[in-house]
Protein chains: 2
Amino acid sequence: MKPQHPNADVRMQGFAVRSTVEEALSWLASALPQFKNLPTEATPLADAARRVLASDVTSPVNVPQFVRAMMDGFALQAAATHGASTYNRLELRIVGDCFPGQPFAGSVGAGEAVRVMTGAPLPGGADAVLPVESTECEGQQLWALGEVPPGKHVGTVGEDIALGELLLCSGRVLRPQDVGVLSSIGRAEVPVVRPPRVSILLTGNELLPAGTEPTGCHIADANGPMLVALAERDGGVVVRQQIVPDDRSAILAALREEADVVLVSGGSSVGQEDHVPTLLAEHGELAIHGIAMRPSSPMGLGRLDDRLVFLLPGNPVSCLCGYDFFAGRAIRALAGRSLAWPYRQRTAVLTRKLVSTVGRVDYVRVKLARDQCEPLAISGSSILSSTTRADGFVIVPADSEGHPAAAEVDVFLYDESIGA
Amino acid sequence: MKPQHPNADVRMQGFAVRSTVEEALSWLASALPQFKNLPTEATPLADAARRVLASDVTSPVNVPQFVRAMMDGFALQAAATHGASTYNRLELRIVGDCFPGQPFAGSVGAGEAVRVMTGAPLPGGADAVLPVESTECEGQQLWALGEVPPGKHVGTVGEDIALGELLLCSGRVLRPQDVGVLSSIGRAEVPVVRPPRVSILLTGNELLPAGTEPTGCHIADANGPMLVALAERDGGVVVRQQIVPDDRSAILAALREEADVVLVSGGSSVGQEDHVPTLLAEHGELAIHGIAMRPSSPMGLGRLDDRLVFLLPGNPVSCLCGYDFFAGRAIRALAGRSLAWPYRQRTAVLTRKLVSTVGRVDYVRVKLARDQCEPLAISGSSILSSTTRADGFVIVPADSEGHPAAAEVDVFLYDESIGA
């Protein structure tokens with residue numbers, strides 16, 4: 001049996017005051033810029049998509065570096081087609097072929113033409129491409145059936161990207177096509193912001209490691225694997241996931257390991273075994289503790305040296321909800337992602353009244369059936385399987401008493417494939 | 001210089017007939033089910049999120065397996081609180097503490113109470129938890145200031161997950177919370193569908209490997225790294241990315257390497273160096289060749305044995321557009337993802353008229369400024385940097401002549417953080 005905490009009775013009395021969700025978000029918004037100076041690292045192009053560019057990229061080359069044919073057809077001197085039509089076929093002589101990557105060795109004279117493929121370098125002497133559709137040919141003889149002006153169907157040097165052009169700015173989240181553009185200017189790697197390192201601490205002497213069959217009065221850790229999946233979804237790199245004994249010095253040592261964001265599951269409330277809030281208050285900053293929301297009310301936000309710390313309730317639904325409201329937002333911000341909820345949204349009609357308490361934000365799991373959504377009648381934040389049975393959730397803001405039956409509400413979808 | 005293809009002139013005449021986008025999508029929809037039988041593999045829980053579950057999961061255990069306290073407070077016999085109030089404090093004796101994972105060794109008698117933390121196993125003899133808020137205590141003396149009925153604040157065996165319960169069905173795309181639930185029933189790994197293996201073939205003798213500085217009439221491959229990023233975004237695993245010489249036997253050998261989906265960039269049209277369509281027609285099925293859309297018109301869809309094959313134009317904008325319309329859709333389907341475009345959407349007002357041709361689907365890159373969107377005046381599908389300068393795109397359907405200025409249109413956003 002553990003020794004009793006001297007102030008156990010006082011500390012078990014619940015939260016005296018709860019912050020609002022707005023206050024917690026506003027503290028987070030003010031704290032985040034101080035954590036945004038993550039170091040730069042080089043990444044090979046193959047891993048660059050979705051990473052945050054760490055410096056401006058200017059092109060050292062023209063793309064393309066050569067004048068090229070933009071149609072399949074014949075490179076020639078435009079003047080040679082002057083007056084050509086189907087009624088006035090003008091004859092030229094085919095003097096060669098020119099393929100992409102294979103320049104024509106000679107030069108195109110006045111009555112000459114070189115067969116070109118799209119993307120091939122335009123042969124010297126030519127100034128236009130007559131599309132194959134406007135020609136007829138037989139052996140080395142070509143007839144122009146139409147006119148082209150100089151420059152027609154010819155791509156110029158640097159028309160995609162000009163030498164010296166500012167292509168992408170620092171802070172840009174790289175898209176697949178940006179990676180293509182970087183490749184086209186010859187970059188094999190790019191400087192990117194290191195993703196936020198996330199450390200996951202799981203407290204609770206009842207916990208068995210994830211993937212262990214529960215036995216006796218012990219339960220298998222569910223929050224660890226769930227938080228790993230959430231943090232990776234949001235662009236973080238999980239550097240650690242460990243079960244820490246309910247012991248002040250063990251928890252403090254774990255809190256101090258290298259990370260940019262620390263997620264602590266369990267021990268976040270005001271009970272006698274809830275060491276984390278006091279440790280954070282003593283050694284760092286416990287900025288927010290207790291939030292007017294359901295579930296996730298017994299959670300906290302703060303920092304320890306250069307780490308953002310999120311105290312998440314051990315109850316798994318609270319853990320999920322608290323993560324998504326605050327921790328996920330922070331990880332996404334540090335990873336350069338959108339701050340918006342990472343769920344597709346749709347509207348649906350409530351099948352029954354949804355009651356909420358003014359002054360508290362509610363996170364209500366719902367089940368969808370066509371255009372209708374039904375709030376799941378579950379109060380317990382310990383029932384993780386409710387988030388598996390639910391199709392999504394509805395947020396009821398603090399200033400609302402809820403919604404009447406048949407009201408239209410916004411549903412955030414857990415499963416991106418719903419609605420597809 | 002390469003030998004000329006015997007039918008070069010005929011084959012350079014352009015597409016005789018183009019399929020509609022609907023026809024191409026409809027062929028894809030009919031073909032996809034035949035490619036959906038991807039084999040099953042086991043994945044550790046840590047990598048299970050977003051994977052497709054390959055068999056039903058039934059729980060082999062109750063979660064929790066024990067009766068537990070759901071509040072911080074005192075476990076006792078409910079009858080002992082009968083009639084208790086702040087005016088009628090009933091005295092009990094504290095006989096111990098009980099923490100999560102640490103059962104109380106004894107049994108709770110009539111006038112006794114055991115201090116419990118949320119999640120602790122309920123001590124024998126007790127049938128309710130009196131919340132700490134309804135008590136006062138001093139040393140081993142406890143006063144009940146309120147009543148609780150039997151069962152109050154007590155969590156029952158299997159209340160989260162019952163033994164034998166069907167938890168998750170085969171085909172489910174696993175969410176972070178599903179991974180948590182699987183962990184809580186003791187699963188260390190789960191059977192999942194192997195993700196689609198994507199092979200990327202880049203044709204074109206003008207191509208230098210990605211990340212090489214362009215030189216002379218050669219260009220650095222941009223489509224390879226872009227397609228890798230796109231395929232991985234959509235849940236595919238890229239097993240190969242190679243530049244293949246413009247040579248029939250080399251291309252055929254590369255087409256036949258192991259893969260579920262083959263993306264071929266370049267050589268997709270009807271020019272004399274466009275070997276891939278004829279190879280596919282001869283050795284497999286070229287179901288669709290030439291589509292009434294802009295860009296990406298010279299593209300094809302088909303199959304070779306047990307591979308879905310997408311012939312994408314070498315022009316990078318066409319490659320991106322053709323990928324997103326057809327190939328990405330197929331990869332997402334095989335990976336169990338949503339078929340919807342993987343871009344956030346918003347509405348915006350056109351700054352100027354957008355002209356389109358009836359009978360052709362247009363993919364128009366646009367730039368956003370607040371609520372307004374401006375079509376980029378770029379015709380060339382060779383200008384990849386246009387997709388970097390654009391904020392997103394608008395799709396103009398085949399039955400539309402376009403939109404007048406000031407019309408409201410749906411914009412698909414390239415960058416998920418726009419609109420956040």
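This is a predicted model: local features need pLDDT of at least 70, side-chain atom pairs count only at pLDDT 80 or more; totals for chains, interfaces and linings use all residues.

1. The same surface serves both of them, since 100% of the contact residues of chain B recur in chain A.

2. **The interface.** How many residues does the contact take from each chain? There are 90 from chain B and 90 from chain A. On the side of chain B that touches chain A, the elements giving two or more residues include the strands S5 (90-98), S11 (166-168) and S15 (219-220) of chain B. The helices that do so are H3 (176-184), H4 (223-233), H7 (316-334) and H8 (385-389) of chain B. Of these elements, H3(B) gives the most, with 8 residues. By class, this side of chain B has 43 nonpolar, 29 polar and 18 charged residues.

3. **Domains of chain A.** The chain is divided into four domains, and two of them are built from separate stretches of sequence. Domain 1 takes in 8-20 + 195-334, and domain 2 takes in 40-63 + 159-193. Domain 3 covers 68-155, while domain 4 covers 345-413. Taken over C-alpha atoms, the centres of domain 1 of chain A and domain 2 of chain A are 37 Å apart.

4. **H4 against H7 in chain B.** Two packed helices are described by the angle between their axes and the distance between the axes. For H4(B) and H7(B), the axes come within 11 Å and cross at roughly 25 degrees. With the limit for this label set at angles under 35 degrees, H4(B) is therefore roughly parallel to H7(B). The crossing of H4(B) and H7(B) is right-handed. H4(B) brings Asn223(B), Met226(B), Leu227(B), Leu230(B) and Ala231(B) to the contact. From H7(B) come Pro316(B), Cys319(B), Leu320(B), Tyr323(B), Gly328(B) and Ile331(B). The contact of H4(B) with H7(B) counts 9 nonpolar and 2 polar residues, and no charged ones.

5. **H2 against H7 in chain A.** How do H2(A) and H7(A) lie, roughly parallel or roughly antiparallel to each other? The axes of helix H2 (residues 21-31) and helix H7 (residues 316-334) of chain A come within 11 Å and cross at roughly 15 degrees. H2(A) and H7(A) are therefore roughly parallel to each other, and their crossing is right-handed. Val21(A), Ala24(A) and Leu28(A) of H2(A) meet Phe325(A), Phe326(A), Arg329(A) and Ala330(A) of H7(A). This contact has 6 nonpolar residues, no polar ones and 1 charged.

6. **H2 against H7 in chain B.** Here helix H2 (residues 21-31) of chain B and H7(B) have axes that come within 11 Å and cross at roughly 15 degrees. That makes H2(B) roughly parallel to H7(B), with a right-handed crossing. On the H2(B) side the contact residues are Val21(B), Ala24(B) and Leu28(B). On the H7(B) side they are Phe325(B), Phe326(B), Arg329(B) and Ala330(B). The classes come out as 6 nonpolar, no polar and 1 charged.

7. **Backbone details to check.** Most residues other than glycine have a negative phi, and most peptide bonds are trans. Which residues of chain B are joined by a cis peptide bond? Val63(B) and Pro64(B) are one such pair, with omega about -5 degrees. Pro64(B) sits in the loop between strand S2 (57-58) and strand S3 (68-69) of chain B. Arg294(B) and Pro295(B) are also joined by a cis peptide bond, with omega about -5 degrees. The loop that holds Pro295(B) runs between strand S19 (293-294) and strand S20 (300-304) of chain B. In chain A, Ala406(A) is not a glycine, yet its phi is positive, at about 75 degrees. Ala406(A) belongs to the loop between strand S27 (402-403) and strand S28 (408-413) of chain A.

Technical notes. Residues are numbered from 1 along each chain as its sequence is written. Chains are lettered from A and ligands numbered from 1 in the order in which they are written. Domain bounds come from an automatic or database domain assignment. Two residues are in contact if their C-beta atoms, placed from the backbone, lie within 7 Å. Helices (H or I, at least four residues) and strands (E, at least two) are DSSP runs, numbered from the N terminus. Ala, Val, Leu, Ile, Met, Phe, Trp, Tyr, Cys and Pro count as nonpolar, Asp, Glu, Lys and Arg as charged, and the others, Gly among them, as polar. Axes are lines fitted to C-alpha atoms, for helices over the stretch in contact, and angles run from 0 to 180 degrees between N-to-C directions. Angles under 35 degrees count as roughly parallel, over 145 as roughly antiparallel, 65 to 115 as roughly perpendicular and the rest as oblique. A crossing is left-handed if the near helix is turned anticlockwise from the far one by less than a right angle, and right-handed if clockwise.
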